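Welcome, and please keep the viewer open as you read. The report below goes from the whole chain down to single strand pairings.

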Amino acid sequence: QVQLVESGGGLVQAGGSLRLSCAASGSTASIVAMGWYRQAPGKQRELVALSSTGGSTNYADSVKGRFTISRDNAKNTVDLQMNSLKPEDTAVYYCYAVVGFQIITRKDYWGQGTQVTVSS
């Protein structure tokens, strides 16, 4: 079991910045990837950024060049620096972790979500 706790959401004007943080606890030695998803009202949850334990990162096209994911494997944390925010970035942001080195036993874990609202 892994528990994920997010912090850092809030209200910001367009063009501003926010930093989200997520701390993992529990069976953290088996985490293979951590990242962030978001879900806007009436839309499906979508990947924002993902960082694997091996060091590779993936970003949604819509946030490339504006958002940066950073991960501290020793502290079991993952942060999302969001710059040049746009109203369309408004969503609930969820911390996400993939746990398990064996694919057949791999599980997904989610944080409780933190609201990010970007005003125009």
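What follows is a short tour of the fold, its sheet and its strand pairings.

## About the model

This is a predicted model, in which local features need pLDDT of at least 70 and side-chain atom pairs count only at pLDDT 80 or more, while totals for chains, interfaces and linings use all residues. Residues are numbered from 1 along each chain as its sequence is written, and side-chain values use heavy atoms, with hydrogens and water left out.

## The chain as a whole

The protein chain has zero helices and eleven strands. Here helices (H or I, at least four residues) and strands (E, at least two) are DSSP runs, numbered from the N terminus.

How does the radius of gyration fit a compact globule? For 120 residues, such a globule would come near 14 Å, and the protein chain has 14 Å, so the two agree. That radius is taken over C-alpha atoms, and the globule rule is 2.2 Å times the number of residues to the power 0.38. Along the principal axes, the C-alpha atoms fill a box of roughly 45 × 25 × 25 Å.

Of the 120 residues, 42% count as buried (under 20% relative accessible area, with exposed over 50% and partly exposed in between, for a 1.4 Å probe and protein chains only). Among contacts (heavy atoms within 4.5 Å) between residues at least 6 apart in sequence, 55% join residues at least 24 apart.

## The four-stranded sheet

Which strands make up the open sheet? Four strands form it in the order β1-β3-β8-β7, with antiparallel pairing; two strands pair if DSSP finds at least two bridges between them. β1 (2-7) and β7 (67-72) are at the edges with a single partner strand each, so one side of each has no neighbour in the sheet. From one strand to the next, the twist averages 15°, based on lines fitted to C-alpha atoms (for helices over the stretch in contact), with angles from 0 to 180 degrees between N-to-C directions.

Within this sheet, six bridges link β3 (residues 18-26) and β8 (residues 77-82) in the antiparallel sense. Look for C22, which stands opposite V78 in β8.

## Strand β11 and its partners

Strand β11 (residues 114-119) pairs with β2 (residues 10-13) through four bridges, and these two run parallel. V12 has V118 of β11 as its bridge partner. With β9 (residues 91-99), β11 pairs in the antiparallel sense over three bridges, and A91 stands opposite V116.

In a regular strand the side chains alternate between the two faces of the sheet. In β11, T114, V116 and V118 form the covered face, whereas Q115, T117 and S119 form the uncovered one.
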